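The exercises below are meant for a reader who is opening this structure for the first time. Each one sets a task and then works through a solution step by step.

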Amino acid sequence: MNFKRVVTALVLFPLLVVVLIKGPYQLLITLVGLSGLICLYEWTRLYDLRFSWFLGLSILWFFGLLSLLWLRDPLMVFYMFLIFPFLPFLKDYEKDRFAKEFFPAVLGLIYVGIGLYPFLEIISFFSREHLVYFFLVVFANDTGAYLTGKLIGKRLLVPTLSPKKTWEGFIGGILLGVGVSVFCNYFFKIFSFEINLLTGVLLCLSGVVGDLLESAFKRMVGKKDSGKIIWGHGGLLDRIDGVMIASPVYLFWLKFIT
């Protein structure tokens with residue numbers, strides 16, 4: 001059992017719930033922006049991109065966030081994320097440098113944008129209980145998979161991607177995630193019973209995909225963690241890998257059922 005991981009979770013998670021419930025709108029938007037900057041920093045370190053890339057991507061993230069808030073036009077923002085990183089290569093194009101820098105930079109921006117943009121809409125158009133529900137279920141799935149895998153995990157889930165994730169952990173994560181979704185919905189009363197079960201399963205499955213996608217990114221560059229900002233957990237990208245893929249699914253689902 002990772003003692004640091006448990007202690008950090010016990011301290012940070014209640015704090016997160018309080019901020020999600022009580023924090024003013026501006027604070028939540030600021031946290032989304034800061035999270036994006038931290039993720040981009042870790043991403044540029046993960047792919048050994050120069051610091052100038054982090055500065056450039058941060059500027060794009062800042063203006064992208066403003067555009068998303070005011071114009072609410074994701075297509076224009078992602079167009080900007082694609083074109084602006086290309087401009088430096090107009091003056092000095094080198095095939096190898098283009099492959100090593102442009103593709104990771106654009107992928108990082110789009111990955112962070114897709115993962116964090118849904119929170120701007122959820123914060124603006126849905127209740128705080130929807131937000132708390134989301135994080136509780138996704139993190140419960142992650143915790144259930146970790147604990148079950150540690151205790152009884154034997155059969156590997158995707159051995160070529162992650163040597164530690166097991167089918168037993170996968171099932172344990174789903175069970176705990178769905179169980180927590182039932183518990184949350186009992187108090188928050190935001191979904192019908194049937195819709196809640198579907199929502200819980202969707203969040204757990206997409207969270208697992210997010211976890212594996214992050215593993216694929218790290219395995220490609222031969223690194224274990226994206227950073228060290230969260231004690232016992234690694235980087236922010238390591239901690240919210242499931243969140244990054246579950247959040248768009250959650251937003252689509254909320255729009256579909258309401």
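**Exercise 1.** How closely do the axes of helix 2 and helix 3 come together, and at roughly what angle do they cross?

*Solution.* The model is a predicted one, and the values here are computed from it. Begin by locating the two elements: helix 2 covers residues 25–46, and helix 3 covers residues 51–70. Their axes come within 9 Å and cross at roughly 150°. Angles over 145 degrees count as roughly antiparallel, and helix 2 and helix 3 are therefore roughly antiparallel to each other. The crossing of helix 2 with helix 3 is right-handed. On the side of helix 2, the residues that make the contact include Tyr25, Ile29, Val32, Gly33 and Gly36, while on the side of helix 3 they include Phe51, Trp53, Phe54 and Leu57. Sorted by class, the contact of helix 2 with helix 3 has 13 nonpolar residues, four polar residues and no charged ones.

**Exercise 2.** Compare the end-to-end distance of helix 2 with the span it should have at 1.5 Å a residue, and then name some of its buried residues.

*Solution.* Helix 2 has 22 residues, which should span 32 Å at 1.5 Å a residue, and its end C-alpha atoms are 31 Å apart, so the two values agree. Among the buried residues of helix 2 are Leu28, Cys39, Glu42, Trp43 and Leu46. Ile29, Val32, Gly33 and Gly36 are also buried, and these four residues take part in the contact with helix 3.

**Exercise 3.** Which residues of helix 3 and helix 4 meet, and at what angle do the two helices pack?

*Solution.* Helix 4 covers residues 74–83, and helix 3 packs with it at an angle of about 170°, the axes being 9 Å apart. Helix 3 and helix 4 are therefore roughly antiparallel to each other. From helix 3 come Leu60, Trp61, Phe63, Gly64, Ser67 and Leu68, and these meet Pro74, Val77, Met80 and Phe81 of helix 4. The contact of helix 3 with helix 4 divides into eight nonpolar and two polar residues, with no charged residue.

**Exercise 4.** Determine how helix 8 and helix 9 are oriented to each other, and describe their contact.

*Solution.* Helix 8 spans residues 167–188 and helix 9 spans residues 193–221; their axes come within 9 Å and cross at roughly 140°. That angle makes helix 8 oblique to helix 9. The crossing of these two helices is right-handed. In the contact, residues of helix 8 including Phe170, Gly173, Ile174 and Gly177 meet residues of helix 9 including Asn196, Leu197, Gly200 and Val201. The residues of this contact divide into nine nonpolar, six polar and no charged. As for helix 9 itself, its 29 residues reach 43 Å from the first C-alpha to the last, close to the 42 Å expected at 1.5 Å a residue. After helix 9 comes Gly222, which has a positive phi near 70°.

**Exercise 5.** Find where Asp48 and Lys189 lie, and decide whether each is buried or exposed.

*Solution.* Most residues other than glycine have a negative phi. Asp48 is not a glycine, yet its phi is positive, at about 55°. Asp48 sits in the loop between helix 2 and helix 3, and it counts as exposed because its relative accessibility is 62%. Lys189 is likewise not a glycine, and it has a positive phi of about 55°. Lys189 lies in the loop between helix 8 and helix 9, and it counts as exposed because its relative accessibility is 62%.

**Exercise 6.** What surrounds Leu236 and Ser247?

*Solution.* Leu236 belongs to helix 10, residues 236–239, and is buried, with a relative accessible area of 12%. Leaving aside neighbours within four places in sequence, Leu236 is in contact with Ser35, Ile38, Cys39, Glu42, Ser226, Ile229 and Ile230. Ser247 is part of helix 11, residues 241–257, and counts as buried at 0% relative accessibility. Not counting residues up to four places away in sequence, Ser247 touches Ile114, Gly115, Pro118, Phe119 and Phe134.

Notes
Residues are numbered from 1 along each chain as its sequence is written. This is a predicted model: local features need pLDDT of at least 70, side-chain atom pairs count only at pLDDT 80 or more; totals for chains, interfaces and linings use all residues. Side-chain values use heavy atoms; hydrogens and water are left out. Axes are lines fitted to C-alpha atoms, for helices over the stretch in contact, and angles run from 0 to 180 degrees between N-to-C directions. Angles under 35 degrees count as roughly parallel, over 145 as roughly antiparallel, 65 to 115 as roughly perpendicular and the rest as oblique. A crossing is left-handed if the near helix is turned anticlockwise from the far one by less than a right angle, and right-handed if clockwise. Contact means heavy atoms within 4.5 Å. Ala, Val, Leu, Ile, Met, Phe, Trp, Tyr, Cys and Pro count as nonpolar, Asp, Glu, Lys and Arg as charged, and the others, Gly among them, as polar. The expected span of a helix is 1.5 Å times one less than its number of residues. Buried means under 20% relative accessible area, exposed over 50%, partly exposed in between (1.4 Å probe, protein chains only).
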